Amino acid sequence: GKASPVWSSLLNILRELLPTVYGMPLTLQKLNDSKLIPEKDYEANVLLYGELQLPAGSTLLLDETTLTPGKLTEAGVRNLGALGDLVARQKVAFDFKYFPVDFESDVSMVSVSTAQSVLSNSAALCQVPLAVCPSGAPMPAALSDASFLNAARCYLGFASRCVGLEMPEPVAQALQNDFVNARKANQQISPDDFAHWLTCSRLYAASLLANQIEESHYAYARQLEAERVARLRPAEVCV
């Protein structure tokens, strides 16, 4: 099917801002026939390239709107599992024929879907509902301004180097106390939720180019997460 205009717009914008962006429209044929997983050819004694063998720091943008009903072959199931593994574990299991070998990966994955994602079984997948304007919107003028683009790229480069921020012990204790209180109020909240809140806090602090994680970063991340969850029901397009 035709690629989603949301996916196409995101792909164009991300390619202007990030060093390595790979777009992958998902179709049954793509899943069934493509070589996403690297394979060892013992006869030639070489490792055959797989599409998930991406450079560190890459962004993989999937378009699930092109998927149609049909049957996945064994290879298709394996490819879909490899995408789920990349989301959940940041690993790609290379196929050495007799056994798989996990290799570390560093790939950010974004998937655009009009329904529940085929990768929704992964706890690492964060669904964000988007309200899409049917008439579309013009490309912001700043994205054609070379000076703006250079400044945006520099900012993203600095922010990406801040993700290893430290958390002072008093802040860590305060965050743990908040999780305990949240669990008392809602038993459905799990350690995975707390881990997600911490990740969002770290990313928000990095976006501010902060030196360390503070309670205010955590509080804002929790607010954003509450708003995201509240928006899930009327979702029209999920990323």
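Here are some worked exercises on the structure above.

A word on the model: it is predicted, so local features need pLDDT of at least 70 and side-chain atom pairs count only at pLDDT 80 or more, while totals for chains, interfaces and linings use all residues. Residues are numbered from 1 along each chain as its sequence is written, and side-chain values use heavy atoms, with hydrogens and water left out.

**Exercise 1. Work out which residues touch the most other members of the largest nonpolar core, and which elements supply it.**

Step 1: A nonpolar core is a set of buried Ala, Val, Leu, Ile, Met, Phe, Trp, Tyr and Cys residues joined through side-chain atoms within 4.5 Å. Buried means under 20% relative accessible area, exposed is over 50%, and partly exposed is in between (1.4 Å probe, protein chains only).

Step 2: The largest core has 19 residues, and Met-24, Leu-52, Leu-60, Leu-62 and Leu-83 touch the most other members.

Step 3: look at the elements (DSSP runs numbered from the N terminus: helices are H or I with at least four residues, strands are E with at least two). Strand S4 (58–63), helix H3 (74–89) and strand S5 (91–95) each supply at least two residues of this core. H3 gives the most, with 5 residues.

Step 4: Setting aside residues up to four places away in sequence, Leu-83 touches Leu-26, Leu-31, Leu-36, Leu-52, Leu-60, Leu-62, Met-109 and Leu-119 (contact means heavy atoms within 4.5 Å).

Step 5: Another one, of 8 residues, lies apart from it, with Val-171, Phe-179, Ala-182 and Trp-197 among them.

**Exercise 2. Trace the salt-bridge network that Arg-89 belongs to.**

Step 1: the cut-off. A salt bridge is a side-chain nitrogen of Lys or Arg within 4 Å of a carboxyl oxygen of Asp or Glu. The structure holds 8 of these.

Step 2: go along the helix. Asp-85 pairs with Arg-89, their closest N and O atoms being 3.0 Å apart. Both sit in helix H3, 4 residues apart, or about one turn of the helix.

Step 3: now leave the helix. Arg-89 also meets Asp-102 in a salt bridge (2.9 Å, N to O). This pair links distant parts of the chain, since Asp-102 is in strand S6 (residues 100–104), 13 residues from Arg-89 in H3.

Step 4: Shared partners join Asp-85, Arg-89 and Asp-102 into one network.

**Exercise 3. Say why Ser-201 counts as buried, and name its contacts.**

Step 1: Ser-201 lies in helix H6 (residues 191–207).

Step 2: Ser-201 counts as buried because its relative accessibility is 0%.

Step 3: leaving out neighbours within four places in sequence, Ser-201 is in contact with Ile-213, His-217, Tyr-218 and Ala-221.
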